[in-house]
Amino acid sequence: MNSQDAVSLTKSLLRFDTVNPPGRERDCARFAGAMLEEWGYSVEYFEYQEGRTSLVARAGGNDRKAPLCLTGHLDVVPLGSRAWTKDPFNGETDGDKLYGRGASDMKAGVAAILLAARSYSKSLRNTPGIVIVLTAAEEGGCVGSAQLAKTQLLGKAGAMVVGEPTSNYPLVGHKGSIKFHARFRGVSAHGSMPELGVNAIYKAAKALARLESFDFRTPHHPVMGKPTLNVGTIEGGNTVNAVPDYASIGVDIRTVPGMDHEEVLERLRRELSEAELDVFSNLKPVWTAPEQEWIGRVFEICKPYLAEPPAARTAPYMTDAANLLKVYSGAPTVVLGPGEAAMAHQTDEYASQERIRQSVAIYESLIRDWCRP
Ligand SMILES: [Zn+2]
């Protein structure tokens with residue numbers, strides 16, 4: 001295989017418009033799946049909705065050790081309101097930079113996973129093998145992986161590599177999240193006679209003050225720091241001359257390892273006793289101790305490609321790992337991919353061609369290491 005292939009495969013993936021919403025990952029998933037099948041992988045597709053296609057491919061496998069999972073998502077975020085100076089879907093290059101929506105987040109990562117898989121397609125028999133999981137609908141809530149984790153398709157995995165953009169720096173996890181709407185009910189009345197109503201916005205306002213000073217009572221995590229809480233939305237009322245009978249606030253909590261999500265929610269229900277809580281996302285933190293033996297080997301493999309030896313750091317963003325670990329319970333997990341984290345979701349998003357090529361070599365080493373006799 002020549003190194004040019006990793007970049008040209010990224011370009012091919014960029015040409016599929018998988019902007020989410022609406023997503024439409026099917027053609028891109030089929031394109032990747034057809035290649036994997038040709039290389040000898042068994043491929044299964046899963047659609048949780050029409051056209052929202054995820055893929056699970058595997059090769060090798062034995063009774064002694066579970067396979068290594070390499071995972072990435074196929075969807076990309078919208079182009080945004082600012083005009084691009086490069087074609088977002090045509091893989092334009094300028095020097096080392098490869099431009100496109102998803103170049104960094106994360107079609108370069110998917111391309112590198114695919115090419116590393118190709119290198120080993122013939123030699124995985126009687127080894128623990130690998131399982132490749134390419135998901136739909138990661139952006140905006142990891143919906144595709146949540147649905148996939150409810151099926152039997154994922155099988156087992158003994159460790160996991162998430163190819164999200166890290167500039168090939170191995171990150172040992174990320175925070176978890178709890179997202180909910182708190183809904184407040186009141187009683188409507190004419191705005192000239194507020195004493196006849198119950199104002200739902202006043203209820204929400206009192207709750208906001210309690211949320212702003214909410215104390216998680218959690219010790220600092222040595223790497224991830226503190227949990228956070230942000231109120232991101234507020235709505236309520238229909239018109240200025242009526243007592244509002246409805247108000248709602250949207251809350252985003254980011255958690256650190258060691259926190260019990262159910263306990264946090266229980267405390268919040270008590271604090272916001274007048275509200276009805278609609279929890280629409282609840283994902284645990286992803287964390288593997290940097291002392292863990294496989295993580296040590298991952299650090300060694302990445303070291304030659306980095307300016308300094310890797311230390312324990314975590315990603316600022318969520319990944320599908322939180323859902324996949326519901327099935328691959330306890331699998332040590334590293335977030336490691338060729339894209340630039342700073343470029344994710346940006347106008348004129350780009351990736352480094354050099355890093356894309358290096359990433360194939362890193363993934364190959366990880367597969368070799370995991371599947372060695
Ligand atoms: Zn991503």
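Guide: A residue counts as buried under 20% relative accessible area, as exposed over 50%, and as partly exposed in between. The model is a predicted one.

Visitor: Where does Phe31 fall, then: buried, exposed or partly exposed?
Guide: Phe31 has 29% relative accessibility, so it counts as partly exposed.

Visitor: And which residues of helix 2 are buried?
Guide: Helix 2 buries Cys28, Ala29, Ala32, Gly33, Met35 and Leu36. They lie on the same side of the helix, because they cover an arc of only 160° around the axis.

Visitor: What does the face turned away from that buried side carry?
Guide: That face of helix 2 carries Asp27 and Glu38, which are exposed.

Visitor: What comes after the helix?
Guide: Gly40 follows helix 2, and its phi is positive, near 105°.

Visitor: Changing topic, how many aromatic pairs are there?
Guide: There are four aromatic pairs in the structure. One of them joins Phe16 and Phe31 in a tilted arrangement, with 5.1 Å centre to centre and 45° between the planes. Phe16 is in the loop between helix 1 and helix 2, and Phe31 is in helix 2, so this pair ties together parts 15 residues apart in sequence.

Visitor: What about Tyr99 and Tyr350?
Guide: Their ring centres are 5.6 Å apart and their planes are at 65°, so the pair is edge-to-face. Tyr99 belongs to strand 5 and Tyr350 to strand 17, so parts 251 residues apart in sequence are tied together.

Visitor: Which charged end sits over the ring of Tyr99?
Guide: That of Lys86, 4.8 Å from the ring centre.

How values were computed:
Residues numbered from 1 in each chain as written. Predicted model: local features only at pLDDT ≥ 70, side-chain atom pairs only at ≥ 80, totals over all residues. Heavy atoms only, no water. Buried < 20%, exposed > 50% of the residue type's maximum accessible area, 1.4 Å probe, protein only. Helix = DSSP H or I, 4+ residues; strand = E, 2+ residues; numbered from the N terminus. Arc of directions from axis to C-beta. Phe/Tyr/Trp six-rings, centres within 6.5 Å; stacked < 30°, edge-to-face > 60°. Lys NZ or Arg CZ within 6 Å of the ring centre and 35° of its normal.
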